[in-house]
Amino acid sequence: MLITTAVDVDVDSIIKIAHQYRNELGYVHPVALHEHIAKGTVHVCKEDGRIVGFVDFHARRDGWQTVYHLATDKEFVGQSVGRQLLYSVPCPMRLKVTTDNETANRFYANAGMRLVATELGRKRPLNVYELRILGIFCMGNGPGVTFPTVARLSGMAYGTRSSETARAWPYMLDIDWKQFNDGKLTWPDYMAMVNEYRPVQAMCVDYESPEQLPQLKQQVDDLRAAGVMRIMVCPKFPGAVADIPDNCIVAISIPSGYAGFIPDLPELRSRRLHLLGGTPHKQREYTLRFQAVGGTVISFDGNSHQRAAQTGSVFASGKWLRSSVATKYDADDVVGTMVQSGKNWLSMMQATIGYRQESLF
């Protein structure tokens with residue numbers, strides 16, 4: 001699977017797919033598509049070079065995206081094409097769908113979007129859905145659990161790290177910085193994985209000192225040339241954020257037993273942010289801090305609910321609760337607990353985005 005920004009020669013293929021859904025999409029105008037392609041707001045999914053789905057959206061001045069059209073070639077329905085195209089649209093995003101389109105309403109709800117309103121349309125009532133933040137269940141190794149399925153049922157994207165075995169196509173590919181620092185992984189090794197998986201979202205090596213700036217710029221260029229749409233850079237020293245290109249996402253390593261570094265908060269003003277790891281509580285805490293200084297958290301990843309499920313704990317009502325589930329790693333009820341925790345985690349983060357708090361500075 002490859003998701004990329006559309007070009008003009010893709011329009012005919014896009015129109016052919018749109019024609020499969022005349023009743024649902026209405027008329028998709030080629031001229032409008034060309035205009036949106038020029039703005040970079042049409043994405044396509046390719047399988048073996050063939051376009052099998054597209055999403056057409058509008059980037060608003062207030063930072064929101066409005067999804068106009070989303071469709072998958074009917075030969076590829078059920079293969080996660082539509083879900084991944086939806087996630088390729090930067091958050092926060094909003095869309096409308098007629099209330100009587102049961103398939104579409106179920107699809108958007110299952111993808112983690114929240115139904116926030118119902119309004120009158122020209123002909124039929126419309127449901128309004130929002131996805132304020134993208135959740136990514138980043139998990140690879142481990143017996144007995146199909147992690148991509150857990151991600152899908154939780155309304156999240158699926159990701160993995162360079163030191164793990166991907167269980168399906170990963171939307172996000174993280175880099176194991178410890179492995180890199182130990183010399184067990186080289187940048188060419190990581191780029192080979194990027195070129196194999198073709199993720200939407202991928203990392204540069206952690207930016208730990210100013211001397212790494214030439215290396216950082218080269219890595220950004222390498223990832224861009226490989227077709228990565230969302231390039232993340234994790235700053236690890238004071239002042240590092242200023243060196244990160246504006247078209248990259250600042251990846252914040254939330255403090256945990258594994259790692260962690262929080263830049264000076266004013267550095268994050270007007271930057272798009274991704275939260276790397278951490279517990280739900282820590283992610284919410286720092287999201288509020290970042291928003292207070294004008295940062296925009298667009299995505300987060302985590303897997304702490306996987307470990308909690310093994311010991312019989314579920315994340316619910318904003319806290320960890322003991323569950324009656326068995327603790328056997330591959331038990332179905334553990335999977336169910338992971339899914340429920342993931343849904344609750346995403347719901348909490350959705351409610352946190354946009355929450356007003358007095359500025360700390």
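The model is predicted: local features need pLDDT of at least 70, side-chain atom pairs count only at pLDDT 80 or more, and totals for chains, interfaces and linings use all residues. Residues are numbered from 1 along each chain as its sequence is written, and side-chain values use heavy atoms, with hydrogens and water left out. Helices (H or I, at least four residues) and strands (E, at least two) are DSSP runs, numbered from the N terminus. Two strands pair if DSSP finds at least two bridges between them.

**Barrel**

- A closed barrel of 8 strands runs in the order 8-9-10-11-12-13-14-15, and its pairing is parallel.
- From one strand to the next, the twist averages 30 degrees. Axes are lines fitted to C-alpha atoms, for helices over the stretch in contact, and angles run from 0 to 180 degrees between N-to-C directions.
- Strand 8 joins strand 9 through 3 bridges, running parallel. Cys 138 stands opposite Gly 159 in strand 9.
- Strand 8 also joins strand 15, through 4 parallel bridges. Here Phe 137 has Gly 302 of strand 15 as its bridge partner.
- Strand 11 (residues 201–203) pairs with strand 12 (residues 230–233) in the parallel sense over 3 bridges. Ala 202 has Ile 231 in strand 12 as its bridge partner.

**Around strand 8**

- Buried means under 20% relative accessible area, exposed over 50%, and partly exposed in between (1.4 Å probe, protein chains only).
- Both faces are covered: Leu 134, Ile 136 and Cys 138 lie on one side, and Gly 135 and Phe 137 on the other.
- Helix 6 (residues 147–154) lies across strand 8 (134–138) and strand 9 (157–161). Helix 6 runs at about 145 degrees to strand 9.

- Strand 2 (residues 42–47) and strand 3 run antiparallel, joined by 6 bridges. Cys 45 has Gly 53 in strand 3 as its bridge partner.
- These two strands form a hairpin with 2 residues between them. Asp 48 in the turn has a positive phi of about 55 degrees.
- Strand 3 and strand 4 (residues 65–72) run antiparallel too, with 7 bridges. Phe 54 stands opposite Ala 71 in strand 4.
- The hairpin of strand 3 and strand 4 has 5 residues between the strands. Gly 63 in its turn has a positive phi of about 95 degrees.
- Strand 3 is mostly covered, with 7 of its 10 residues buried.

**Second largest pocket**

- Its volume is about 880 Å³. A pocket is an open set of points on a 1 Å grid over the protein atoms alone, where a 1.4 Å probe fits, with protein on both sides within 12 Å along at least five of seven lines; lining residues have an atom within 4 Å of a point.
- The lining holds 37 residues, and Gly 63, Gln 65, Cys 91, Pro 92 and Arg 272 are the closest to the pocket centre.
- By class, the lining has 13 nonpolar, 15 polar and 9 charged residues.
- Strand 1 (2–5), strand 3 (50–59), helix 10 (280–292) and strand 15 (296–302) each supply at least two lining residues. Strand 15 gives the most, with 3 residues.

**Arg 167**

- Arg 167 lies in the loop between strand 9 and strand 10 (172–174).
- Its relative accessible area is 43%, so Arg 167 counts as partly exposed.
- The C-alpha atoms of Arg 167 and Phe 57 are separated by 30 Å; the two residues are 110 apart along the chain.

Note on methods: Contact means heavy atoms within 4.5 Å. Grid points are joined across faces, edges and corners, and a volume is the space filled by probe spheres set on the points. Ala, Val, Leu, Ile, Met, Phe, Trp, Tyr, Cys and Pro count as nonpolar, Asp, Glu, Lys and Arg as charged, and the others, Gly among them, as polar.
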